[in-house]
Amino acid sequence: MGLELYLDLLSQPCRSIYIFARSNNIPFEFKHVELFKDSVLGRRPAGASGAEQPRAGPSNSEGAAKVSLLKKVPALKDGDFTLAECTAILLYLTRKYNTPDHWYPSDIQKRAQVDEYLSWHHANIRANAPKTMWIKVLIPLFTGQPLPAEKLQEVMEGLSTSLKQFEERFLQDKAFIIGSEISLADLVAIVELMQPVGVGCDIFEDRPRLMEWRRRVEEAVGKELFFQAHEMILNIKELSNIQIDPQLKEHLAPVLMKMLK
Ligand SMILES: N[C@@H](CCC(=O)N[C@@H](CS)C(=O)NCC(=O)O)C(=O)O
């Protein structure tokens, strides 16, 4: 049995793995999980086998729940071996498929810079950027009520602080986070920063240095792949038409509200 990746491309960590695997020609079976329909993975009965393309087939949520010990996506299955957590999955893929050195350099100082960014990312960019989607899309969808404008402003302020640090401390005047070549750090960062863009908060608009970096990342992975991976998030407004399982709604509405406190 070959490599299986359980992904929903609405999810940022899933997109980083998808882009990484595709841009490195790593063969894998795309197991599509429909996060917002099936979330809290495994609540629904499984569909048939995996789809090759995003949204091309039934959801694999139950499969993902078995594969991921954390019951989240992304999840990886490689024969009998299973793995959760985006960073661990990306590192596994670099080692197993011996991908080009620039992704996770053998030079220990450059590698340490990738590690440094990945450590910082979770408590900063990742802690702030997704809240824009909760406020603009998920909370109204699950609770039926819009959130007060001040809440969005508060979230945007937190995100601005993280972006300032990202530009000044990590990016500086380099082409990519660790210098002249793209690494896992840039990939993990860009997918997260596309989440606000998808919900109409274009954080690149007034940040030319960040915009230039985004262009370089798009070119490094290939624009076509980049936009294919981001197609769903860039069309997220379509989500407002989906029917949500009432049980799921009941479960997630208070969870989403609590996340914003
Ligand atoms: N730290 C994990 C985060 C994984 C995660 O939060 N996944 C979300 C989607 S972005 C999920 O599966 N949520 C489903 C749920 O909580 O029910 C990683 O980096 O992979």
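In the predicted model, the buried residues of helix α4 are Cys86, Ile89, Leu90, Leu91, Leu93 and Thr94. These buried residues pack against β1, α1, β3, β4 and α8. Helix α4 itself covers residues 86-96 and lies across β1, β3 and β4, with its direction at about 135° to that of β4. An α-helix has 3.6 residues a turn, so residues three or four places apart point the same way. After α4 comes Asn98, which has a positive phi, near 45°.

The strands that α4 lies across, β1, β3 and β4, belong to an open sheet of four strands. The order in this sheet is β2-β1-β3-β4, and the pairing is mixed. Strands β2 and β4 (81-84) are the edge strands, each pairing on one side only. Direction ignored, neighbouring strands of the sheet are turned by 20° against each other on average. Helix α1 (residues 12-23) also packs on the sheet, where it touches β1 and β2, and its direction makes about 145° with that of β1.

Strand β1 spans residues 3-7, and because five of its five residues are buried, β1 is largely enclosed by the rest of the structure. In a regular strand the side chains alternate between the two faces of the sheet. In β1, Leu3, Leu5 and Leu7 point one way, while Glu4 and Tyr6 point the other way, and all are buried. The pairing of β1 with β3 is antiparallel and extends over four bridges. Its pairing with β2 (residues 29-32) is parallel, likewise over four bridges. Glu4 has Glu29 as its bridge partner in β2.

Strand β3 covers residues 75-78 and includes Asp78. With a relative accessibility of 12%, Asp78 counts as buried, because the cut-off is 20%. Beyond its neighbours within four places in sequence, Asp78 is in contact with Gly2, Leu3, Tyr92 and Lys96. Of these, Gly2 is 76 residues away from Asp78 in sequence, but the two C-alpha atoms are 6.0 Å apart in space. Leu3 is one of the buried residues of β1. Two polar contacts involve the side chain of Asp78: one of 2.6 Å with the side chain of Tyr92, and one of 2.8 Å with the side chain of Lys96.

Several backbone features occur in the loops. Val73 and Pro74 are joined by a cis peptide bond, with omega at about 5°. Pro74 is located in the loop between α3 (61-67) and β3. Glu85 is found in the loop that connects β4 with α4. Its phi is positive, about 75°, although Glu85 is not a glycine. The relative accessible area of Glu85 is 45%, so this residue is partly exposed. A positive phi in a residue other than glycine is found again at Gln172, where the value is near 45°. Gln172 lies in the loop between α7 (149-171) and α8. At a relative accessibility of 35%, Gln172 also counts as partly exposed.

Two packed helices are described by the angle between their axes and the distance between the axes. For α8 (residues 184-198) and α9 (residues 208-221), the axes come within 11 Å and cross at roughly 115°. The crossing of α8 past α9 is left-handed. On the α8 side, the contact is made by Asp186, Leu187, Ala189, Ile190, Leu193, Met194 and Val197. On the α9 side, Trp213, Arg214, Val217 and Val221 take part. Sorted by class, the residues of this contact are nine nonpolar, no polar and two charged.

Definitions and conventions. Residues are numbered from 1 along each chain as its sequence is written. This is a predicted model: local features need pLDDT of at least 70, side-chain atom pairs count only at pLDDT 80 or more; totals for chains, interfaces and linings use all residues. Side-chain values use heavy atoms; hydrogens and water are left out. Helices (H or I, at least four residues) and strands (E, at least two) are DSSP runs, numbered from the N terminus. Buried means under 20% relative accessible area, exposed over 50%, partly exposed in between (1.4 Å probe, protein chains only). Contact means heavy atoms within 4.5 Å. A polar contact is a pair of N or O atoms within 3.5 Å; within protein, one must be able to donate a hydrogen and the other to accept it, and residues adjacent in sequence count only if both atoms are side-chain atoms. Axes are lines fitted to C-alpha atoms, for helices over the stretch in contact, and angles run from 0 to 180 degrees between N-to-C directions. A crossing is left-handed if the near helix is turned anticlockwise from the far one by less than a right angle, and right-handed if clockwise. Ala, Val, Leu, Ile, Met, Phe, Trp, Tyr, Cys and Pro count as nonpolar, Asp, Glu, Lys and Arg as charged, and the others, Gly among them, as polar. Two strands pair if DSSP finds at least two bridges between them.
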